[in-house]
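Thank you for making time for this one today.

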Amino acid sequence: MDAPGDDIEDGLSVLGVTFHGPDAYVLTLRGITGPGDSGVLEEAFARATVAARPLIVDLGALEFGDESLLGLLLHARLSHRTVLVGPLSASFSRRLAVTGTTTVFTIHPTLTQALAGITALPGTDT
């Protein structure tokens with residue numbers, strides 16, 4: 001796996017890692033997202049798009065995700081297969097529920113399960 005590094009800004013840590021077996025790009029977010037983090041998040045999602053692999057976004061250590069993050073997640077779904085890893089924070093779970101996007105994402109309880117799900121045929125995620 002290849003890791004470009006860890007960006008930390010305003011309580012947000014972002015780590016992108018490319019896996020080569022199974023092929024996937026894992027984007028791990030820790031902390032909180034807010035108005036000052038949109039540039040860091042946009043850059044991280046742009047790196048994920050360049051990787052041209054299925055995208056796994058690990059939100060298990062994210063305490064708060066704002067509307068910018070949700071928008072980037074929804075946009076990522078348009079360009080490549082995207083799954084989430086939880087557990088999701090109560091506030092981000094509410095954001096998904098209120099916006100009606102809970103069922104749009106496959107959410108795995110662990111990164112191991114998400115990686116296994118990525119290797120399954122589309123539509124057979126567990």
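I will go from the overall layout to the helices, and then to a few points in the loops.

Please keep in mind throughout that this is a predicted model. The protein contains 4 helices and 6 strands, and, read from the N terminus, its elements come in the order β-β-β-α-β-α-β-α-β-α. Of the 126 residues, 44% are buried. If we take the contacts between residues at least 6 apart in sequence, 61% of them join residues at least 24 apart.

Let me turn to helix H1, which covers residues 38-51.

Which residues of H1 are buried? They are Val40, Leu41, Ala44, Phe45, Ala48 and Ala51, and, when one looks down the axis of H1, these buried residues fall within an arc of 125 degrees, so they line one face of the helix. The spacing is what one would look for, because an α-helix has 3.6 residues a turn and residues three or four places apart therefore point the same way.

Now to the packing of H1 against helix H2, residues 67-79, where the axes lie 11 Å apart and the angle between them is about 15 degrees. Since an angle under 35 degrees counts as roughly parallel, that makes H1 roughly parallel to H2. On the H1 side the contact is made by Leu41, Glu42, Phe45 and Thr49, and on the H2 side by Leu69, Leu72, Leu73, Ala76 and Ser79. The crossing of these two helices, H1 and H2, is right-handed.

Is leucine 72 buried or exposed? Its relative accessibility is 17%, and because the cut-off for buried is under 20%, leucine 72 counts as buried. Apart from its neighbours within four places in sequence, leucine 72 is in contact with Leu41, Glu42 and Phe45. Between leucine 72 and alanine 44, which are 28 residues apart along the chain, the C-alpha separation is 10.0 Å.

H2 also meets helix H3, residues 90-99, and here the axes come within 11 Å and cross at roughly 65 degrees. This crossing of H2 and H3 is again a right-handed one, and the residues that meet are Glu67, Leu69, Leu70 and Leu73 from H2 with Phe92, Arg95, Leu96 and Thr99 from H3.

Where does alanine 52 sit? It is in the loop between H1 and strand E4, residues 55-64, and, although alanine 52 is not a glycine, its phi is positive, at about 50 degrees. With a relative accessible area of 67%, alanine 52 is exposed.

I would also like you to look at two peptide bonds. The bond from glycine 21 to proline 22 is cis, with omega near 5 degrees, and proline 22 lies in the loop between strand E2, residues 12-20, and strand E3, residues 23-32. Another cis peptide bond joins glycine 86 and proline 87, with omega about 10 degrees, and proline 87 is in the loop between strand E5, residues 82-85, and H3.

Conventions. Residues are numbered from 1 along each chain as its sequence is written. This is a predicted model: local features need pLDDT of at least 70, side-chain atom pairs count only at pLDDT 80 or more; totals for chains, interfaces and linings use all residues. Side-chain values use heavy atoms; hydrogens and water are left out. The expected span of a helix is 1.5 Å times one less than its number of residues. Buried means under 20% relative accessible area, exposed over 50%, partly exposed in between (1.4 Å probe, protein chains only). The arc is that of the directions from the helix axis to the C-beta atoms. Axes are lines fitted to C-alpha atoms, for helices over the stretch in contact, and angles run from 0 to 180 degrees between N-to-C directions. Angles under 35 degrees count as roughly parallel, over 145 as roughly antiparallel, 65 to 115 as roughly perpendicular and the rest as oblique. A crossing is left-handed if the near helix is turned anticlockwise from the far one by less than a right angle, and right-handed if clockwise. Contact means heavy atoms within 4.5 Å.
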